[in-house]
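This briefing goes through one protein model, topic by topic. Keep the structure in view while reading.

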Amino acid sequence: MNKGIFERDRSGEVISISDPEFYKMSEAIERAQKLIAELNTGYHSAQKVRDLFSQLTGEIVDETFELLPPFYTDYGQNIRVGKEVFINQGCTFMDRGGITIEDHVLIAPKVNLVTINHPVSPSQRRSTISNPIVIKKGAWIGIAATIMPGVTVGENSIISAGAVVTKDVPANTIMAGVPAKVIKTIED
């Protein structure tokens with residue numbers, strides 16, 4: 001059986017804009033943009049924000065989930081959040097490859113979680129390749145940090161402000177820099 005475009009995208013296959021099913025991706029992105037426009041326009045109660053975010057992801061979020069708009073995403077349906085997750089304003093989640101945020105995670109303003117990349121070859125550059133991001137329990141992602149495709153941030157780790165994370169982060173560590181490197185182990 002042939003895999004559909006969404007399954008192929010989530011599995012890391014190269015997706016071309018000339019793919020016969022690309023229109024489905026475009027429709028999903030348009031759906032997300034309508035919900036994002038509603039989320040980011042005017043004031044909404046915390047419950048309304050959770051309701052809109054649940055519509056965006058297709059999964060009901062826990063009542064302890066908090067998000068301060070504005071929030072940006074390309075797709076939305078591949079974001080999963082746990083309990084007691086806080087996402088501050090101005091974050092961008094490019095989630096086609098899948099973003100999993102476990103319990104007790106803090107995400108500062110202007111954080112970028114990017115699961116999409118482009119092939120190096122100029123002839124394929126308009127195509128995309130998606131790889132998942134996982135943020136483990138208790139992690140804290142600092143202001144304007146960027147997490148790149150395929151990265152897992154370990155439990156209780158801290159990503160410093162402005163860091164660009166290109167490789168997996170061990171549990172209980174602090175990462176900083178561009179590209180980010182371990183600068184300290186967290187002792188409890």
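In this predicted model, seven strands form an open sheet with mixed pairing, in the order β1-β4-β7-β12-β15-β17-β18. The two edge strands are β1 (66-67) and β18, and each of them pairs on one side only. A further open sheet has 5 strands and parallel pairing.

- Strand β12 (residues 140-141) runs parallel to strand β15 (residues 158-159), and 2 bridges link the pair.
- Within this pairing, Ile141 lies opposite Ile159 of β15.
- On to the next strand in the order, β15 and β17 are also parallel and are joined by 2 bridges.
- Here Ile159 stands opposite Met175 in β17.

- Strand β17 (residues 173-176) pairs with β18 in the antiparallel sense, over 4 bridges.
- Thr173 is opposite Thr185 in β18, and the bridge partner of Ile174 in β18 is Lys184.
- The hairpin has 4 residues between its strands, and Gly177 takes a positive phi near 105 degrees.
- In a regular strand, side chains alternate between the two faces of the sheet.
- Both faces of β17 are covered: Thr173 and Met175 are buried on one side, and Ile174 and Ala176 are buried on the other.
- Is β18 largely covered or largely in the open? Strand β18 (residues 181-185) has 5 residues and the number buried is 0, so the strand lies largely in the open.

**The sheet of 5 strands**

- The strand order in this open sheet is β2-β5-β8-β13-β16, and the pairing is parallel.
- The edges are taken by β2 and β16 (164-165); each has a single partner strand, so one side of each has no neighbour in the sheet.
- Thr146 stands opposite Val164 in β16.

**Helices α2 and α3**

- Two packed helices are described by the angle between their axes and the distance between the axes.
- For α2 and α3, the axes come within 10 Å and cross at roughly 175 degrees.
- An angle over 145 degrees counts as roughly antiparallel, and α2 and α3 are therefore roughly antiparallel to each other.
- On the α2 side, the contact is made by Arg31, Ala32, Leu35, Ile36, Glu38 and Leu39.
- On the α3 side, the contact is made by Lys48, Val49, Leu52, Gln55 and Leu56.

**The largest nonpolar core**

- Which residues touch the most other members of the largest nonpolar core? They are Phe71, Ile87, Phe93, Ile101, Ile107, Leu113 and Ile159, out of 39 residues in that core.
- Helices α2 (22-39) and α3 (46-57) each supply at least two residues of this core, as do strands β3 (79-81), β5 (91-94), β6 (99-101) and β11 (133-135).
- Leaving aside residues up to four places away in sequence, Phe71 touches Ile36, Leu39, Asn40, Phe53, Leu56, Ile79, Ile87, Cys91 and Phe93.

- Tyr75 is in the loop between β2 (71-73) and β3.
- Tyr75 has a relative accessible area of 6% and is buried; the cut-off for buried is under 20%.
- Residues that Tyr75 touches, beyond four places away in sequence, are Phe6, Ala28, Arg31, Ala32, Leu56, Asp95 and Arg96.
- Tyr75 and Met94 are 19 residues apart along the chain, and their C-alpha atoms are separated by 7.0 Å.
- Asp9 is in helix α1 (residues 5-10).
- Is Asp9 buried or exposed? Asp9 is buried, and its relative accessible area is 2%.
- The side chains of Asp9 and Arg96 make a polar contact (2.9 Å).
- Apart from residues up to four places away in sequence, Asp9 touches Ile15, Met25, Arg96, Thr128 and Ser130.

Conventions
Residues numbered from 1 in each chain as written. Predicted model: local features only at pLDDT ≥ 70, side-chain atom pairs only at ≥ 80, totals over all residues. Heavy atoms only, no water. Buried < 20%, exposed > 50% of the residue type's maximum accessible area, 1.4 Å probe, protein only. Pairing = 2+ DSSP bridges. Polar contact = N/O pair within 3.5 Å; in protein donor to acceptor, adjacent residues only side chain to side chain. Contact = heavy atoms within 4.5 Å. Core = buried A, V, L, I, M, F, W, Y, C linked by side-chain atoms within 4.5 Å. Axes fitted to C-alpha atoms, helices over the stretch in contact; angles between N-to-C directions. Parallel < 35°, antiparallel > 145°, perpendicular 65-115°, else oblique.
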